[in-house]
Amino acid sequence: MGYLIYDGNTAEIHMDDRTLAHLQIVVINKLRRQESFAFSWKEPASAGDGRSTIWIYPTVSLRFKFEGSRPPVVNQAWLTVLSNAANSGTGLQMLPEPLDRGAVHVGGQHERTARGA
């Protein structure tokens, strides 16, 4: 279970490492272009089962903390879905992962494999 820590400790968002890795790529790409955007997620039942939104902008402090040490294989289709959401009026959301037969390692090496293999 990884964490996205926003603005010091204003918000700490828990998610699995695979989701966090994909969000990290999308967020960094947006911030690299000096683009601000909303990010929304569903709160767990223990926190009231609601939904939260934060505004992410180029000078905000963000920390991506991964529990595991191995970077996951990146699903290009998921990056596209998340990037499109981040560019929309509703902003980035934690959307489900689509299946993708072509995968790319975070380090840039290409691997043609089914998800999870």
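Visitor: Which residues touch the most other members in the largest nonpolar core?

Guide: In this predicted model, that core has 23 residues, and L4, I13, V27, F39, I54, I56 and L92 touch the most other members. At least two core residues come from each of β1 (2-6), β2 (11-15), α1 (17-32), β3 (37-42), β4 (51-56) and α2 (76-86). With five residues, α1 gives the most.

Visitor: What makes this set a nonpolar core?

Guide: The members are buried residues of types such as Leu, Ile, Val and Phe, joined through side-chain atoms within 4.5 Å, so the set is called a nonpolar core. Buried here means under 20% relative accessible area, and 38% of the 117 residues of the protein chain count as buried.

Visitor: Which residues is L92 in contact with, leaving aside neighbours within four places in sequence?

Guide: Its partners are L23, V26, V27, F37, A38, F39, S40, L82, A85 and A86.

Visitor: Which residues meet where α1 contacts α2?

Guide: From α1 come R18, T19, H22, L23, I25, V26 and K30, and from α2 come W78, L79, L82, S83 and A86. This contact divides into seven nonpolar, three polar and two charged residues.

Visitor: How many helices and strands does the protein chain have?

Guide: There are two helices and nine strands, running β-β-α-β-β-β-β-α-β-β-β from the N terminus.

Definitions and conventions:
Residues numbered from 1 in each chain as written. Predicted model: local features only at pLDDT ≥ 70, side-chain atom pairs only at ≥ 80, totals over all residues. Heavy atoms only, no water. Buried < 20%, exposed > 50% of the residue type's maximum accessible area, 1.4 Å probe, protein only. Helix = DSSP H or I, 4+ residues; strand = E, 2+ residues; numbered from the N terminus. Contact = heavy atoms within 4.5 Å. Nonpolar A, V, L, I, M, F, W, Y, C, P; charged D, E, K, R; others polar.
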